[in-house]
Amino acid sequence: MERAYYYCPHCHEGHCPWDRILRVCGSELTPAVTELTALAGLLSSFEEARAKVLPRLAGLRLSASTVERTTEFAGERLRQARQAGQTFGPPRPWAWGRDLQGRSCAYVSVDATGVGQQGPGGQAAEGRMAWVGMVFNPRAPSHGQGGEARYLAGLYDLDELGLQLRRQAAQVGLEAVEQWVALTDGGAGLEEFMRKNFPRAECILDFYHAAEHLNDLAKAWCATEPDAAAQAQAWCHQLKHEGGAALLATLEGFDRRGKSAAAREVYRQVVQYVRNHAPRMDYPRYQAQGWLIGSGHVEAGCKVVVGQRLKGSGMRWSAAGADAVCHLRALFKSEPGQWEAFWSQAA
């Protein structure tokens with residue numbers, strides 16, 4: 001394809017007006033090819049995108065380094081846009097599901113997952129935690145059981161994540177929802193995060209994380225595996241149907257005489273855990289309201305948004321690269337229309 005080149009003998013600079021029309025100034029790729037390359041780079045390895053995906057989809061033959069650079073640059077643009085307060089597309093309130101009391105009900109959840117890092121000289125370095133936040137509608141009438149979700153992911157600090165997650169929630173009409181529910185695994189700082197950013201939310205500790213602690217105590221407390229399994233089942237049943245306060249009373253009444261020092265230490269830790277989280281363990285009431293009691297949605301989000309692309313065998317990332325790809329994957333895995341809205345603005 002030929003286009004005219006104009007050169008000014010006075011300022012000794014030249015330009016091609018047609019490049020501006022095609023929007024390729026300052027880039028070796030057109031906007032459409034940039035989007036396609038970034039999409040291939042976030043769905044598969046940069047090498048596979050180069051060797052298999054792009055040639056087959058579009059007849060494009062790029063180097064793996066170009067795919068990597070284009071993908072990470074797009075993710076960095078997205079990060080900067082979000083940090084500047086941008087949202088993508090017009091506000092569109094969801095048709096929120098309802099709890100058993102007939103109230104519209106919205107969920108927010110946050111979790112973290114480790115990402116391998118590469119140090120100087122290609123050596124493995126200490127991993128970084130990528131945060132995944134989501135606002136979701138698990139019982140969306142128009143979406144069946146799959147529901148709707150907006151994801152955020154990256155090497156955030158929690159203050160910035162909270163600010164951006166509130167913007168996403170506002171876009172889908174959270175303020176008009178009657179009941180907010182916050183689900184976490186009880187990690188350090190997460191209850192404060194929810195109180196600060198979603199003060200109307202009922203905070204619920206993931207039941208299955210609590211059950212894991214009870215299983216650990218049963219194994220330390222009982223002499224045989226069958227006895228441990230039966231004891232753990234009894235504690236979990238009480239927790240689910242009577243709540244954290246009742247379980248705490250049961251545990252505090254245990255006779256600890258004759259138990260080993262190791263068993264007593266596990267007991268101390270689990271009792272303290274239940275005591276700390278008992279206000280968020282009122283599972284009989286939560287179930288009576290028809291609310292979720294597990295954080296499986298955000299745990300699945302950690303796997304789908306981060307794990308499937310960034311945690312392959314032997315993968316190590318720079319901090320900037322991991323952050324950029326996390327942002328892009330969160331956008332791509334969010335409800336339909338978010339990806340397209342970003343690229344229409346970016347172009």
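This is a predicted model: local features need pLDDT of at least 70, side-chain atom pairs count only at pLDDT 80 or more; totals for chains, interfaces and linings use all residues.

Colleague: What is Tyr283 in contact with, leaving aside its neighbours within four places in sequence?

Modeller: Tyr283 is in contact with Ile204, Leu205, Asp206, Phe207, Ala210, Leu239, Lys240 and Ile293.

Colleague: Why does Ser109 count as buried?

Modeller: Buried means under 20% relative accessible area. Ser109 has a relative accessibility of 1%, and therefore counts as buried. The place of Ser109 is in strand β3 (residues 105-118).

Colleague: Which residues does Ser109 touch, not counting those up to four places away in sequence?

Modeller: Ser109 touches Val132, Gly133, Met134, Phe136, Leu183, Met194, Ser295 and Val298. With Leu183 there is a further detail: the side chain of Ser109 reaches the backbone oxygen of Leu183 at 2.6 Å.

Colleague: What makes Leu190 buried?

Modeller: The relative accessible area of Leu190 is 2%, and the limit for a buried residue is under 20%, so Leu190 is buried. Leu190 lies in helix α6 (residues 190-197). Leu190 touches Val110, Trp131, Thr184 and Asp185, not counting residues up to four places away in sequence. Leu190 and Ser109 are 81 residues apart along the chain, and their C-alpha atoms are separated by 9.3 Å.

Colleague: Why is Gln272 called partly exposed?

Modeller: The class lies between the other two, with buried under 20% and exposed over 50%. Gln272 has a relative accessible area of 32%, which falls in between, and so Gln272 is partly exposed. Gln272 lies in helix α10 (residues 261-277).

Colleague: With which side chain does the side chain of Gln272 make a polar contact?

Modeller: The partner is the side chain of Arg275, at 3.0 Å. As for Asp185, Gln272 is 87 residues away from it in sequence and 16 Å away in space, C-alpha to C-alpha.

Colleague: How do you know that His12 counts as exposed?

Modeller: Exposed means over 50% relative accessible area. The value for His12 is 56%, so His12 counts as exposed. His12 lies in the loop between β1 (6-8) and β2 (13-15). His12 also has a positive phi of about 60 degrees although it is not a glycine.

Colleague: What makes α2 roughly perpendicular to α4?

Modeller: The axes of helix α2 (residues 31-43) and helix α4 (residues 64-83) come within 8 Å and cross at roughly 100 degrees. Angles of 65 to 115 degrees count as roughly perpendicular, and therefore α2 is roughly perpendicular to α4. The contact is made by Thr34, Thr37, Ala38, Gly41 and Leu42 of α2 and by Val67, Thr70, Thr71, Ala74 and Arg77 of α4. By class, the residues of this contact of α2 with α4 are four nonpolar, five polar and one charged.

Colleague: Why is α4 called roughly perpendicular to α13?

Modeller: The axes of α4 and helix α13 (residues 319-333) come within 8 Å, with a crossing at roughly 75 degrees. The range for roughly perpendicular is 65 to 115 degrees, so the term applies to α4 and α13. From α4, the residues Thr71, Glu72, Ala74, Gly75, Glu76, Leu78, Arg79 and Arg82 meet Gly321, Asp323, Ala324, Val325, His327, Leu328 and Leu331 in α13. The contact of α4 with α13 has six nonpolar, four polar and five charged residues.

Colleague: Where does Gln123 lie?

Modeller: Gln123 lies in the loop between β3 and β4 (124-137). Leaving aside neighbours within four places in sequence, Gln123 is in contact with Gln117, Gln118 and Arg316.

Colleague: How many helices and strands does the secondary structure of the chain come to?

Modeller: There are 14 helices and seven strands. Of the 347 residues in the chain, buried residues make up 46%. Among contacts with a separation of 6 or more, residues 24 or more positions apart account for 64%. The C-alpha atoms fill a box of roughly 95 × 50 × 35 Å, taken along the principal axes.

Technical notes: Residues are numbered from 1 along each chain as its sequence is written. Side-chain values use heavy atoms; hydrogens and water are left out. Axes are lines fitted to C-alpha atoms, for helices over the stretch in contact, and angles run from 0 to 180 degrees between N-to-C directions. Helices (H or I, at least four residues) and strands (E, at least two) are DSSP runs, numbered from the N terminus. Angles under 35 degrees count as roughly parallel, over 145 as roughly antiparallel, 65 to 115 as roughly perpendicular and the rest as oblique. Contact means heavy atoms within 4.5 Å. Ala, Val, Leu, Ile, Met, Phe, Trp, Tyr, Cys and Pro count as nonpolar, Asp, Glu, Lys and Arg as charged, and the others, Gly among them, as polar. Buried means under 20% relative accessible area, exposed over 50%, partly exposed in between (1.4 Å probe, protein chains only). A polar contact is a pair of N or O atoms within 3.5 Å; within protein, one must be able to donate a hydrogen and the other to accept it, and residues adjacent in sequence count only if both atoms are side-chain atoms.
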